[in-house]
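Please walk through this model one element at a time, with the sequence and the structure side by side.

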Amino acid sequence: MIEEKDINIEPISDKHKSFISSFNTYEPDLKDFLVEDAISNQNNRISKTFLMFHKANLVGYVTLLCDSLRVEGEIKGYCKSKNIPYKTLPAIKIGRLAVDDNFLKKGFGTRLLHLAYIYAKNISDNHCGCRFLILDAKRNKDSSKDSLHFYKKMNFTVLKERFKGTTPMYFDLMIESKKF
Ligand SMILES: CC(C)(COP(=O)(O)OP(=O)(O)OC[C@H]1O[C@@H](n2cnc3c(N)ncnc32)[C@H](O)[C@@H]1OP(=O)(O)O)[C@@H](O)C(=O)NCCC(=O)NCCS
């Protein structure tokens, strides 16, 4: 049982270099991003990465950035039904999200998603127009490793069907029915 008091969130910085070098995930580009780009992107205000620690272990991370969602395809009808007339809408993007292989299926992915939601919701409620939380779900031939199923379980909706690479998905920040 994971206790909330044992979890710590820290924005990434140089002091974390030894932790991030030993982070492992079955999606190698998510390790590469963490090691090679996360700190410099953060210094350049391109993205912000939050590390999740459980006790002394780095268990996962999530990277956020500003983006926009193009209103086309299936979401067109959704926006029309809500009387939203624009062609693009403001969004916060989950640029990367990964849990260390040694800590999968323990609820850390859900907690990282919740963290992203709380930050995006705070911006949307109090600071700046922002309607959606969006992401590109990484696809994997092995369904137990296919993040699309994880995000669907968490009530994200597919924006555009794609079976290889990544599938764009969204969550409406004005909807309360979330599972994370
Ligand atoms: C996707 C990922 C973040 C899930 O993290 P996790 O910590 O294992 O997820 P959780 O333990 O919070 O799981 C929550 C629920 O989703 C389910 N789940 C997790 N991964 C799943 C998958 N690939 N397919 C189906 N269900 C999945 C869990 O079984 C759990 O269901 P339950 O509540 O009914 O028991 C993790 O597998 C990961 O880091 N993958 C590699 C990187 C990646 O693909 N990131 C996404 C990039 S967009």
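This is a predicted model: local features need pLDDT of at least 70, side-chain atom pairs count only at pLDDT 80 or more; totals for chains, interfaces and linings use all residues.

**The packing of α4**

The buried residues of α4 pack against β1, β2, β3, β4, β5 and α5. Helix α4 covers residues 108-127. Its buried residues are G109, R111, L112, L113, L115, A116 and A120. An α-helix has 3.6 residues a turn, so residues three or four places apart point the same way. That general point can be kept in mind when the buried positions of the helix are picked out on screen.

The helix lies across β1, β2, β3, β4 and β5, and its direction makes an angle of about 40° with β3. As for its length, the 20 residues of α4 should span 28 Å at 1.5 Å a residue, and the end C-alpha atoms are 27 Å apart, which agrees. K121 also belongs to α4. Is K121 buried, partly exposed or exposed? K121 counts as partly exposed because it has 17 C-beta neighbours inside 10 Å, while a buried residue needs 20 or more. Between K121 and K5, which are 116 residues apart along the chain, the C-alpha separation is 23 Å.

Next comes the sheet. Seven strands form an open sheet with mixed pairing, in the order β1-β2-β3-β4-β5-β7-β6. β1 (7-11) and β6 are at the edges with a single partner strand each, so one side of each has no neighbour in the sheet. In a regular strand the side chains alternate between the two faces of the sheet.

Strand β4 (88-99) shows both senses of pairing. With β3 the strand runs antiparallel, and 11 bridges join the two. One of the bridge pairs here is G60 with V99, the latter in β4. With β5 the strand runs parallel, joined by four bridges. A91 has F132 of β5 as its bridge partner.

How much of β4 is covered? Nine of its 12 residues are buried, so the strand is described as mostly covered because of that count. T88 is in this strand, yet T88 is exposed, with 11 other C-beta atoms within 10 Å. Leaving out residues up to four places away in sequence, T88 touches S68, L69, R70 and V71. The C-alpha atoms of T88 and S68 are 6.3 Å apart, although 20 residues separate the two along the chain.

V158 stands opposite M169 of β7. N155 has a phi near 75°, a positive value in a residue other than glycine. Most residues other than glycine have a negative phi. N155 counts as partly exposed, with 13 C-beta neighbours inside 10 Å.

Where is the kink in α2 centred? The kink, of about 55°, is centred on D37. R45 follows α2 and sits in the loop between α2 and β2 (48-54). The phi of R45 is near 55°, which is positive in a residue other than glycine. R45 is exposed, as 9 other C-beta atoms lie within 10 Å.

Finally, the chain as a whole. Five helices and seven strands make up its secondary structure, and along the sequence they follow the pattern β-α-α-β-β-α-β-α-β-α-β-β. The radius of gyration of the chain is 16 Å, close to the 16 Å that the globule rule gives for 180 residues, so the chain is as compact as a globular protein of that length. Along the principal axes, the C-alpha atoms fill a box of roughly 50 × 40 × 30 Å. Of the 180 residues, 29% are buried. Among contacts with a separation of 6 or more, 65% are between residues 24 or more positions apart.

Terms used. Residues are numbered from 1 along each chain as its sequence is written. The bend at a residue is the angle between axes fitted to the seven residues ending there and the seven starting there. The radius of gyration is taken over C-alpha atoms; the globule rule is 2.2 Å times the number of residues to the power 0.38. Two residues are in contact if their C-beta atoms, placed from the backbone, lie within 7 Å. Two strands pair if DSSP finds at least two bridges between them. Axes are lines fitted to C-alpha atoms, for helices over the stretch in contact, and angles run from 0 to 180 degrees between N-to-C directions. The expected span of a helix is 1.5 Å times one less than its number of residues.
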